[in-house]
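Subject: Structure for you to look at

Hello,

The sequence and structure are pasted below. Please go through my notes on them when you have time.

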Amino acid sequence: MNNSDTTSPDYEVIVIGAGVAGIYQIKRLADLGVHATVLEADSGLGGTWYNNRYPGARFDSESYTYGYSFSKELLEEWYWKEAFSGQPENLRYLNHVVDKFDLRQYMQFNCRVDAAHWNEEKTLWRLSVCDGRVLTCRFVIMALGLLSIPTLPRLEGMSDFKGRSFHTFDWPHKPLDLSDKKVGIIGTGATAIQVIGEIADKVGDLTVFQRRPNWCAPLNNYEINDAEMDRIHSRYDDIFEICLRTPGGFEHEPDRRGFFEVPREERVAMWDQLYDEPGFGIWLQNFREIFTDEDANAEFSEYIADRIRKRVTDPETAEKLIPRDHGFGVQRVPLETNYLEAYNQTNVHLVDLSDAPLDRVTETGLRTTDAEYDLDVIIYATGFDAMTGAHDRIDIRGVNGQKLRDKWRDRISTCLGVFIHGYPNLMMPNGPQSGSASTNYPRGIETGVNWCMDFLEHAWAHGHNRIEVTAPEEERWTKHVEQMYEVMLMRKAKSWFTGYNSNVEGHEEGTIRYLVYNGGMPKYRKALNDVADAGYKGFIFSGDHKATVDAASASVA
Ligand code: NAP
């Protein structure tokens with residue numbers, strides 16, 4: 001029996017999630033000697049890299065900018081093998097980090113947290129774990145993952161299918177031989193684009209069911225030999241310095257010249273070069289107007305459309321692969337390898353669902369409103385209940401039992417993406433409206449975790465056992481996040497950046513959910529630092545809280 005009914009909690013801090021954020025979070029807590037544990041729903045660590053084992057899953061951040069930056073020794077000893085490393089190697093890396101720093105001792109696996117309830121009287125959180133335990137802690141840190149709740153289509157007949165079917169997130173851990181199989185894949189997001197490029201020449205027959213095409217650009221991956229890795233080792237200080245100052249946390253710096261001040265031939269020459277270079281340069285090293293100016297965006301999108309026409313042999317298929325409802329870069333840009341060329345193979349077929357939507361799953365495959373497709377395997381590459389999905393799956397109740405799910409139903413509101421008014425002692429190093437989602441992820445979460453740790457150390461040093469953001473401070477940040485969307489073309493796109501997911505009730509097209517901070521990492525870091533430098537103005541600490549509560553009860557009396 002644990003001591004959940006006493007005021008002394010089981011742990012000072014419980015971290016939920018042993019992914020990239022949770023691993024660094026527990027490292028920082030362990031270094032300080034804080035009594036802490038990590039509860040992880042999966043049977044292994046690694047989060048996104050534990051689960052997403054589909055063929056083609058790999059970084060689209062340069063590997064050496066994705067690794068943790070906190071340990072020189074770790075940086076020195078790790079040799080990345082590819083510029084954009086694949087899932088098996090990424091998972092090996094995360095396990096290596098955890099073993100090197102002896103962090104596994106703090107982790108509990110197969111421990112899905114079903115509920116987290118704040119107890120005001122005892123100033124602690126009570127967490128219900130799927131194994132029946134109730135654990136208490138003073139502070140809870142949600143390191144839940146941005147894209148950790150896969151969503152399936154809402155189609156009739158899904159359980160009738162006699163073949164194998166699975167979401168890409170749940171790709172079987174055992175090798176799957178598709179060589180003589182008729183495979184159908186639903187979706188053409190970043191995940192599908194990686195899968196299709198990888199399996200097209202390894203399956204019997206591949207049918208891609210596309211509702212809306214997605215702009216994409218070549219990854220241009222390459223192997224890194226030891227000599228190059230040694231050069232990277234010697235550059236690490238510079239690399240992280242650059243990542244710190246760029247909006248996306250990459251080495252790619254935006255071109256700050258005015259789009260229309262640069263002659264068209266020069267623009268095209270620059271795009272020709274970027275298209276052939278590795279990584280996100282074509283998106284993030286481009287002119288800034290791509291993100292904000294309709295005309296600039298349209299011109300650049302047409303450039304990419306021509307690239308598609310050049311790479312796809314059949315003109316009709318090429319036109320179907322060109323997005324018409326949004327411009328390049330206003331949704332998350334998938335990076336691909338052999339994706340467009342896959343459509344030049346005779347065993348790969350594109351079904352345009354905009355002509356005839358999916359009607360249902362049958363025992364033998366998929367049916368659209370005008371045809372039936374026989375399949376052995378159906379792959380659902382249909383995306384995630386992004387950012388808030390993992391929070392929604394936990395029954396989180398704050399002050400007066402308010403459910404977070406209800407608070408966020410009509411409007412997401414946070415302070416800095418880290419705190420939520422009404423949920424004391426709950427922190428999110430990578431929460432909705434933080435800088436992590438729009439950033440090279442580890443660069444974002446290191447910032448978030450470091451800031452959370454500074455805040456906690458401040459609270460502990462001052463003997464505060466309760467911290468809560470005020471409503472006005474939360475409103476200030478939420479308004480700012482909403483305003484940032486106004487200047488971005490992204491606000492018009494149907495993507496998880498705007499909270500769209502056709503398969504989740506209430507997240508369908510029509511309303512923007514402001515999930516992402518779009519100001520870039522340097523501005524985000526400044527916002528965090530400003531709050532800390534002002535002595536955490538806008539927060540109520542335990543002593544002040546008692547005074548506030550006493551004053552409120554006095555006035556009621
Ligand atoms: P996604 O971008 O949301 O794409 C889901 C796809 O499924 C879309 O094409 C969507 O069509 C389609 N779809 C959903 N429901 C459907 C239905 N009922 N009928 C037909 N089509 C349906 O999801 P994702 O590809 O998994 O990518 C999500 C995010 O994960 C990415 O944006 C990226 O941030 C991250 N990711 C990262 C990496 C990496 O770092 N290397 C790799 C993969 C993914 P509509 O567009 O019409 O809704």
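Gln-25 touches Val-15, Ile-141, Pro-429, Val-449, Cys-452 and Met-453, where residues up to four places away in sequence are not counted and contact means heavy atoms within 4.5 Å. Gln-25 is in helix 1 (residues 20-32); helices (H or I, at least four residues) and strands (E, at least two) are DSSP runs, numbered from the N terminus. Its relative accessibility is 0%, so Gln-25 counts as buried. Buried means under 20% relative accessible area, exposed over 50%, and partly exposed in between, with a 1.4 Å probe and protein chains only.

Before the rest, two notes on the source. This is a predicted model, in which local features need pLDDT of at least 70 and side-chain atom pairs count only at pLDDT 80 or more, while totals for chains, interfaces and linings use all residues. Residues are numbered from 1 along each chain as its sequence is written, and side-chain values use heavy atoms, with hydrogens and water left out.

Val-15 also comes up with Met-142: the two are 127 residues apart in sequence, yet their C-alpha atoms are 6.1 Å apart in space. Met-142 belongs to strand 6 (residues 134-142) and is buried, because its relative accessibility is 1%. Beyond four places in sequence, the contacts of Met-142 are Ile-16, His-391, Ile-396, Leu-426, Met-427, Met-428, Pro-429 and Asn-430.

The loop between strand 6 and strand 7 (164-167) holds Ser-159. Ser-159 has a relative accessible area of 70% and is therefore exposed.

Thr-123 is in another loop, between strand 4 (113-119) and strand 5 (124-129). With a relative accessible area of 13%, Thr-123 is buried. Residues up to four places away aside, Thr-123 touches Trp-118, Arg-138, Asn-425, Asn-465 and Arg-466.

Now the ligand. The shell around the ligand has 25 residues, and the closest are Arg-58, Thr-191, Arg-211, Trp-496 and Asn-503; a residue is near the ligand if one of its heavy atoms lies within 4 Å of it. By class the shell has eleven nonpolar, nine polar and five charged residues. Here Ala, Val, Leu, Ile, Met, Phe, Trp, Tyr, Cys and Pro count as nonpolar, Asp, Glu, Lys and Arg as charged, and the others, Gly among them, as polar. Helix 6 (residues 190-199) gives the most to the shell, with three residues.

A ligand oxygen is 2.9 Å from a polar backbone atom of Thr-188. An oxygen of the ligand is also 2.9 Å from a side-chain N or O atom of Arg-211, and a ligand nitrogen is 2.9 Å from a side-chain N or O atom of Asn-503. The protein covers 86% of the 910 Å² of accessible area that the ligand has on its own (Shrake-Rupley method, 1.4 Å probe).

Last, helix 16 (residues 471-486). At 1.5 Å a residue, its 16 residues should span 22 Å, and the end C-alpha atoms are 23 Å apart, which agrees; the expected span is 1.5 Å times one less than the number of residues. At the start of helix 16, a side-chain oxygen of Thr-470 comes within 3.3 Å of the backbone nitrogen of Glu-473. The buried residues of helix 16, among them Trp-477, Val-481 and Tyr-485, pack against helix 14 (404-407), strand 19 (467-469) and helix 17 (521-533).

Regards

Technical notes. Polar contact = N/O pair within 3.5 Å; in protein donor to acceptor, adjacent residues only side chain to side chain.
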